[in-house]
Amino acid sequence: VMKLNPQQAPLYGDSVITVQLTEEDQVEDDVVFYLVFTGSTVQHCTSTRKINPGSLETISPGHDCCETVKVALCASREGHPVLVVAEENFQFVQDEAYDAAQFLATCAGNQQALNFTRFLDRSRPPAADVDFLDEKVALAFRHLKLPAEWNVLGADQSLPENIPRETLMHFAVRLGLLRLTWFLLQQPGGRGALSIHNNEGATPVSLALERGYQKLHQLLTEEEAKEPESWSTLSHTVHSGDYSVKHHRGLNVYMLTAEA
């Protein structure tokens with residue numbers, strides 16, 4: 001039996017899982033371990049990184065639905081067949097960050113909902129919480145299957161730019177959410193949102209300046225602004241047909257996902 005810690009992960013993945021090996025699985029250095037997650041419709045295979053003889057580290061894959069899956073620990077060694085050395089259950093769950101991303105995605109054009117997000121700002125959370133929120137909500141947003149016509153400014157594209165209104169970009173900038181802002185900038189309507197004034201006459205750009213968010217202001221105003229460094233340890237995905245491959249730079253772990 002192996003121990004997985006934690007035994008669950010959010011649907012969007014990208015969290016660290018530690019694998020505790022039993023005495024008899026602690027073998028020579030030339031053995032390579034993989035984890036295979038088998039869900040009802042997709043399967044993931046992840047490489048691992050050895051922390052010490054008794055434990056490995058990997059990154060949880062992003063999954064397509066909330067369910068309990070089987071995880072097999074496989075060992076491979078040159079010249080030998082691949083062995084399944086242990087099996088364990090693992091659960092994919094929808095967490096608050098996923099709920100938040102879904103809520104924000106659906107209220108892109110909804111002024112009442114966006115005004116509610118302004119109310120949140122009154123109780124400014126501490127920087128560490130903002131950072132955590134930023135990473136998780138941006139990861140969850142990236143995992144959502146947004147409809148093809150989705151737009152940062154909402155569904156009604158006919159509204160002229162000079163109509164004062166709140167946008168998702170105002171929300172992300174007001175809270176100082178660097179990664180979410182970067183994500184929104186890459187989406188349809190993201191750049192357009194930068195010049196929209198709200199009822200106080202503030203644009204996302206002027207908000208960043210007024211709040212002293214220098215990195216964020218740079219991101220919004222520089223021609224060739226680069227991806228925030230904080231994203232650089234996270235996973236980057238390449239899709240090909242029914243397969244996708246993710247590389248998590250921070251741990252140097254690879255992940256293959258395929259339709260089961």
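The model is predicted, with local features needing pLDDT of at least 70 and side-chain atom pairs pLDDT 80 or more, while totals for chains, interfaces and linings use all residues. Residues are numbered from 1 along each chain as its sequence is written, and side-chain values use heavy atoms, leaving out hydrogens and water.

Reader: Which strand holds glutamate 88?
Author: Strands here are DSSP runs of E, at least two residues long, numbered from the N terminus. Glutamate 88 lies within residues 83–93, and that run is strand 9.

Reader: How far apart are the C-alpha atoms of glutamate 88 and glutamine 7?
Author: Along the chain, glutamate 88 and glutamine 7 are 81 residues apart.

Reader: How much area do domain 1 and domain 2 bury between them?
Author: An automatic or database assignment sets the domain bounds, giving domain 1 (3–94 + 234–259) and domain 2 (96–226). Buried area is the accessible area (1.4 Å probe) that two parts lose on being put together, summed over both. Of this area, 60% is on carbon and sulfur atoms, and the total is about 900 Å².

Reader: Which three residues supply 69% of the area that domain 1 buries against domain 2?
Author: Contact means heavy atoms within 4.5 Å, and nine residues of domain 1 are in contact with ten of domain 2. On the domain 1 side, more of the buried area comes from this trio than from any other three residues: Tyr12, Gln94 and Leu234.

Key:
Helices (H or I, at least four residues) and strands (E, at least two) are DSSP runs, numbered from the N terminus.
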